[in-house]
Amino acid sequence: MKKGIRLLQGLFLSYIITGIILVIFAFLLYKMEWGEKSLHMGIIATYIISTVIGGFYVGRKVKTQRLIFGFLFGALYIGVIILVASLLYPNHVLFSKNFLSVVCMCMSGGILGGILS
C-alpha cells in the first residue's frame, strides 16, 4: 500500500517538474525563435528528465526492488499521458510512428532513476 502511494507521489512530482520544464522551454522557444527540431528535442528532454527524477524519488522511497518500481513508474507516467490525451482528443490517432520510442524513453528514464537512487 505504501509503495503504491510512493508511486503516486513520484507521478505528482514528475508532472510538476514536467510543467515547469515545459513553461521554461516555451518561453525559450518564444524568445529565441527556435525551429521545430528544437521543439522535438525539448519534449524528449522533458520526458527523460521528468521520468529520471520521478524514478529516483520512487526508488529512494521504496528502497527495495528499485528497478521494478522505476519501470512501473515509467509505465504509469506514459499511461497517464495516453489516458489524458485520449480523453482530450478522442478522434486523434495516438499511436504514431514515434509512439514506441516515447514509451521506451519514459520507461527507461524511470528505470534509470530507480537504479541511480
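**Entry 1: Ser117**

I began with Ser117, which counts as buried because its relative accessibility is 12%. By the definition I use, buried means under 20% relative accessible area, exposed means over 50%, and partly exposed lies in between, with a 1.4 Å probe and protein chains only. Ser117 sits in the segment after α4. I then looked up its contacts, a contact being heavy atoms within 4.5 Å. Setting aside neighbours within four places in sequence, I found Ser117 in contact with Phe56, Gly59, Arg60 and Arg66.

**Entry 2: Basis of the values**

I note that this is a predicted model, in which local features need pLDDT of at least 70 and side-chain atom pairs count only at pLDDT 80 or more, while totals for chains, interfaces and linings use all residues. Residues are numbered from 1 along each chain as its sequence is written, and side-chain values use heavy atoms, with hydrogens and water left out.

**Entry 3: The whole chain**

I found 4 helices and 0 strands in the protein, in the order α-α-α-α along the sequence. Helices (H or I, at least four residues) and strands (E, at least two) are DSSP runs, numbered from the N terminus. The C-alpha trace spans about 45 × 30 × 20 Å along its principal axes. Of the 117 residues, 30% are buried. Among contacts between residues at least 6 apart in sequence, 81% join residues at least 24 apart.

I also checked the radius of gyration, taken over C-alpha atoms; the globule rule is 2.2 Å times the number of residues to the power 0.38. For 117 residues a compact globule would have a value near 13 Å, and the protein has 15 Å, which agrees.

**Entry 4: Helix α2**

The 27 residues of α2 should span 39 Å, and the end C-alpha atoms are 39 Å apart, which agrees. Among the buried residues of α2 are Gly42, Thr46, Tyr47, Ser50 and Thr51. Their cover includes α1, α3 and α4. Just after α2, Lys63 has a positive phi of about 65 degrees.

**Entry 5: The nonpolar core**

The largest has 13 residues, of which Val58, Phe73, Tyr77, Val102 and Cys106 touch the most other members. At least two residues of this core come from each of α1 (2-32), α2 (36-62), α3 (66-88) and α4 (99-116). Leaving out residues up to four places away in sequence, I found that Phe73 touches Leu7, Gly10, Leu11, Ser14, Ser50, Thr51, Gly54, Gly55, Val58 and Gly110.

**Entry 6: The cysteines**

Cys104 is partly exposed because its relative accessible area is 40%, whereas Cys106 is buried at 0% relative accessibility.

**Entry 7: Val93**

Lastly, I turned to Val93, in the loop between α3 and α4. Is Val93 buried or exposed? Val93 counts as exposed because its relative accessibility is 62%. From Val93 to Ala45 I noted 48 residues in sequence and 23 Å in space, C-alpha to C-alpha.

Terms used: A nonpolar core is a set of buried Ala, Val, Leu, Ile, Met, Phe, Trp, Tyr and Cys residues joined through side-chain atoms within 4.5 Å. The expected span of a helix is 1.5 Å times one less than its number of residues.
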